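Subject: Structure for you to look at

Hello,

Here is the structure I said I would pass on. Please open it first, then read the notes below.

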Amino acid sequence: MPETHGRRRGALRELLTGAGVDALLITDLLNIRYLTGFTGSNAAVLLHAGGDDKTLFCTDGRYTTQSAAEVPDLETVVDRASAAALVAKAAKDTKTYGRLGFESQHVSVETYEALKQQVPLKRTPGLVERLREVKDEAEIEALRQACAAADRALDDLVAAGGLRPGRTELDVARDLENRMLEHGSSAPSFASIVAAGAHSAIPHHQPTHAELKRGDFVKLDFGATVDGYHSDMTRTFVLGEPADWQREVYELVHAAQAAGVAAVVPGAEVSDVDAAARTVIADAGHGEHFAHGLGHGVGLQIHEAPSFAATGVGTLAAGMAVTVEPGVYLAGRGGVRIEDTLVVRAGEPELLTLSTKNLVVV
């Protein structure tokens, strides 16, 4: 997608003047992938404000063939010390590259100390990440496919009786991840969470050899990866007939999630989206049982900006991909979380995760 990557680099150039730099050293591999398409493990980019004819891409000899295919539209420098090699070139041609910014949030102190010996560097954190918040249609399609792989995997798991008493949390997690691979995922978005019984009250429980039991809550938090983009979804089920308290908690979280989703509109303050769902839970007397933020952005990382939290800052824009995931966790008894991945659109958001939210599966 050279044209797509070229447009992204053009959008980044528009931010350089405001940042007070003439060129930007990009060293974060995800940001490099976003701007160039390169998927290797060693690279740096020296992006010039004037255009691609003065922009340099650097990687090492292991990736000569790969980079030629993935980054055909930029001049390539081959050097193992990619960042240092590009800074050296900027130092030799200060008339062209002028004031040089760098991704200070991604560079170690040791690396910074070494690089600044060659040329002065200005901290310019978060410029590429700012662009990545709003997804283009190619990114949204990758997210859509990742969500579909997760949806199909869960459908298959349920249809095959994969959520049944006697299976362990680890069994279910491995089964679910394998099914996502079968449906086009290159890897899980993160280590899948399968939490049964009292474990479901632990927000980020790690699967164990604990067995699923009839009457238990079973919480599944998982995602697929397609073309580097991550999906994220949580569903909570009961094995068998739910108790009254389980229905009550589940219906409360379901209502809170619906309120949060409805608040996801362009121009909304992220803190207001969090409040829309959190108020539903707090008004029911369970405010202390919802101890995490409402959601987060997703994309090349499983957790990106924006962040839905009471202390969150910023507003939503059309094209952002986010999760909405309220929960109520009753220690020692069980917990419920319901999470969807969706895209901010004018009007109502586009829901990407479509799996059932029925409470009972067997």
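The side chain of arginine 179 makes a polar contact with the side chain of aspartate 175, at 2.7 Å. A polar contact here is a pair of N or O atoms within 3.5 Å; within protein, one must be able to donate a hydrogen and the other to accept it, and residues adjacent in sequence count only if both atoms are side-chain atoms.

This is a predicted model, in which local features need pLDDT of at least 70 and side-chain atom pairs count only at pLDDT 80 or more, while totals for chains, interfaces and linings use all residues. Residues are numbered from 1 along each chain as its sequence is written, and side-chain values use heavy atoms, with hydrogens and water left out.

Arginine 179 lies in helix 9; helices are DSSP runs of H or I with at least four residues, numbered from the N terminus. With a relative accessible area of 18%, arginine 179 counts as buried (under 20%; exposed is over 50%, partly exposed in between, with a 1.4 Å probe and protein chains only). Leaving out residues up to four places away in sequence, arginine 179 touches Ala153, Asp156, Leu157 and Ala160, where contact means heavy atoms within 4.5 Å.

Alanine 160 lies in the loop between helix 8 (137-159) and helix 9 (169-182). Alanine 160 is partly exposed, at 46%.

Valine 249 is in helix 10, residues 244-262. Its relative accessible area is 5%, so valine 249 is buried. Among the residues that valine 249 touches is Leu330. Leucine 330 and alanine 160 are 30 Å apart in space, C-alpha to C-alpha, and 170 residues apart in sequence.

Regards

Methods: Helices (H or I, at least four residues) and strands (E, at least two) are DSSP runs, numbered from the N terminus.
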